[in-house]
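Here is a short walk through one protein model. Keep the sequence and the structure in view while reading.

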Amino acid sequence: MEEADIRDALRVIIDPEIGKNIVDLGLVYDISVERGGVVRVSMTTTTRFCPASDFLREAVEVCVASLPGVTKAEVQLTYEPPWTPDRMELA
């Protein structure tokens, strides 16, 4: 399992407030694939007290855990650095 494959899979998760996927929004900061199929995702939300935080964290965990070869998915929310619109990918 490669980081790029995981990022592609995460594009199905849409931020309910903005209506765009979390990868293109720049909410996914880091993905690490470790020995034994453990995947750790570091991500943020558009604001610290975003009402969709739990939904997005759980959606990422379920999405990653369902991928072939993944034995465990861990998602960490972080607000350092804070998200800003300039993190969005131009499509």
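Predicted model: local features only at pLDDT ≥ 70, side-chain atom pairs only at ≥ 80, totals over all residues.

Residues are numbered from 1 along each chain as its sequence is written, and side-chain values use heavy atoms, with hydrogens and water left out.

In soluble globular proteins, nonpolar side chains tend to be buried together. The largest nonpolar core here has 26 residues. Such a core is a set of buried Ala, Val, Leu, Ile, Met, Phe, Trp, Tyr and Cys residues joined through side-chain atoms within 4.5 Å; buried means under 20% relative accessible area, exposed over 50%, and partly exposed in between (1.4 Å probe, protein chains only). Helix H1 (3-10), strands S1 (28-34) and S2 (38-43), helix H2 (53-65) and strand S3 (72-77) each supply at least two of the core residues. H2 gives the most, with five. These elements are DSSP runs numbered from the N terminus: helices are H or I of at least four residues, strands E of at least two.

Leu 10 is among the residues with the most contacts inside the core. Leaving aside residues up to four places away in sequence, Leu 10 touches Ile 22, Val 23, Val 28, Ile 31, Val 60, Cys 63 and Val 64, where contact means heavy atoms within 4.5 Å.

S1 and S2 run antiparallel and are joined by six bridges; two strands pair if DSSP finds at least two bridges between them. Val 33 has Val 39 of S2 as its bridge partner. Three residues lie between the strands of this hairpin, where Gly 36 takes a positive phi near 85°.

Thr 78 sits in the segment after S3. Thr 78 is buried, at 16% relative accessible area, and touches Tyr 29, Ser 42, Met 43 and Thr 44, again not counting residues up to four places away in sequence.

How many salt bridges does a search of the whole structure find? It finds seven, each a side-chain nitrogen of Lys or Arg within 4 Å of a carboxyl oxygen of Asp or Glu. Arg 40 pairs with Glu 34, the closest N and O atoms being 2.7 Å apart. Glu 74 also forms a salt bridge with Arg 40, at 2.1 Å. Glu 74 lies in S3 and Arg 40 in S2, so this pair ties together parts 34 residues apart in sequence. A further salt bridge joins Arg 57 to Glu 58, at 3.8 Å. Shared partners link Glu 34, Arg 40, Lys 72 and Glu 74 into one network.
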